[in-house]
Amino acid sequence: NAFLPFGKKLVRSSQGEMTTVEKLQEENQELKQKLAEHTKLQKDNEAFRDQFEHADPPARRLVAADIVGSPGFIPGNIPEYLIIDKGKKQDVADGMPVVYKNMLIGKIIKASDNFAQVMLITNKKSSITAKDQKTDALGIVKGQGGDLLLDNVILSEKLAVGDIVITHGDMTIEGKGYPPGLLIGKVSSVEKSQSALFQRASLTPLIDILRLSKVFIVRL
């Protein structure tokens, strides 16, 4: 008799009903799902809080977007592009900058109705007019696939390891391009030769793109 309830449970299971173990497994799965949703909500709230603590870019011009893909990405490398879940229906257009806090991530290069493709600043096709935040030395930041290169800086300008490089601003009359003052990277080394026309500096990005799940589009 002591084993009768368990036996009955096995009979009911054979008739298509869930066993106690199956019910526990289902409840466990539901709890895991709720925990995952709660964790994402926490991260989203942290991202919003961090973003809106910065006055520039102004919050009223920002559109929050989730990162939903990275075409061609191979683990161990830095992605060249991101896919985000905002597009033309959310007034997102080609040329709009993408940021996290006041740090430049990249720009929109293609938008569909509900999604958009972002070219990251580390992409080898990326080129940005920039300057040293401390000395105002002007140059061009070029993507290197992982790191960044500040190139075409005249020899008389001052560059030093640890300097922060920001966007100089290259807005067009149509409102496309990068606004001034967005953070790009930190100088990690300087290459200067008196026989060269220009000096250059290697930059380290200020944020690990692989750790981001949300970014912000600057609508201009």
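**Labels and their cut-offs**

Reader: Why is Ala160 called partly exposed?

Author: Ala160 has a relative accessible area of 34%. Buried means under 20%, exposed means over 50%, and partly exposed is what lies in between (1.4 Å probe, protein chains only), so Ala160 at 34% counts as partly exposed. Before we go on, please note that this is a predicted model, in which local features need pLDDT of at least 70 and side-chain atom pairs count only at pLDDT 80 or more, while totals for chains, interfaces and linings use all residues. Residues are numbered from 1 along each chain as its sequence is written, and side-chain values use heavy atoms, with hydrogens and water left out.

Reader: Where does Ala160 lie, and which residues is Ala160 in contact with?

Author: Ala160 sits in the loop between strand S8 (148–154) and S9. Strands here are DSSP runs of E with at least two residues, helices are runs of H or I with at least four, and both are numbered from the N terminus. Contact means heavy atoms within 4.5 Å; apart from neighbours within four places in sequence, Val187 and Val190 pass that test for Ala160.

Reader: How many helices and strands does the protein have?

Author: There are 2 helices and 12 strands, and along the sequence they run α-α-β-β-β-β-β-β-β-β-β-β-β-β. Among contacts between residues at least 6 apart in sequence, 55% join residues at least 24 apart.

Reader: What makes Asp91 and Arg219 a salt bridge?

Author: A salt bridge needs a side-chain nitrogen of Lys or Arg within 4 Å of a carboxyl oxygen of Asp or Glu. Asp91 and Arg219 come to 3.7 Å, N to O, so the pair is within the limit of 4 Å. Asp91 is in the loop between strand S2 (81–84) and strand S3 (97–100), and Arg219 in the segment after strand S12 (214–218), so the pair ties together parts 128 residues apart in sequence. Asp91 is exposed at 52%, whereas Arg219 is partly exposed at 29%.

Reader: Which other pairs pass, such as one with Arg211 or Lys142?

Author: The whole structure holds 7 salt bridges. One of them joins Lys142 and Asp151 at 3.4 Å, N to O; Lys142 is partly exposed at 29%, while Asp151, at 10%, counts as buried. Arg211 also pairs with Asp208, with the closest N and O atoms 3.4 Å apart. Arg211 is exposed at 73% and Asp208 partly exposed at 35%. Through shared partners, salt bridges link Lys142, Asp151 and Arg200 into one network.

Reader: What makes a set of residues a nonpolar core?

Author: The members must be buried Ala, Val, Leu, Ile, Met, Phe, Trp, Tyr or Cys residues joined through side-chain atoms within 4.5 Å. The largest such core has 44 residues, and Ile108, Val141, Leu150, Ile184 and Ile217 touch the most other members. S4 gives the most to this core, with 5 residues. Beyond four places in sequence, the residues that Leu150 touches include Ala130, Val141, Leu159, Val165 and Leu203. Over the whole protein, buried residues make up 35% of the 220 residues.

Reader: How do you know that there is a pocket, and what is the volume of the largest pocket?

Author: On a 1 Å grid over the protein atoms alone, a cavity is a set of points where a 1.4 Å probe fits but cannot get out; a pocket is an open set with protein on both sides within 12 Å along at least five of seven lines, and lining residues have an atom within 4 Å of a point. The largest pocket has a volume of about 210 Å³, where volume is the space filled by probe spheres set on points joined across faces, edges and corners. Of its 15 lining residues, Ile78, Thr122, Pro205, Ile207 and Ile209 are the closest to the centre.

Reader: Is Thr122 buried or exposed?

Author: Thr122 has a relative accessible area of 8%, so Thr122 counts as buried. Thr122 is in the loop between strand S5 (116–120) and strand S6 (127–132). Beyond four places in sequence, Thr122 touches residues including Ile78, Pro79 and Pro205.
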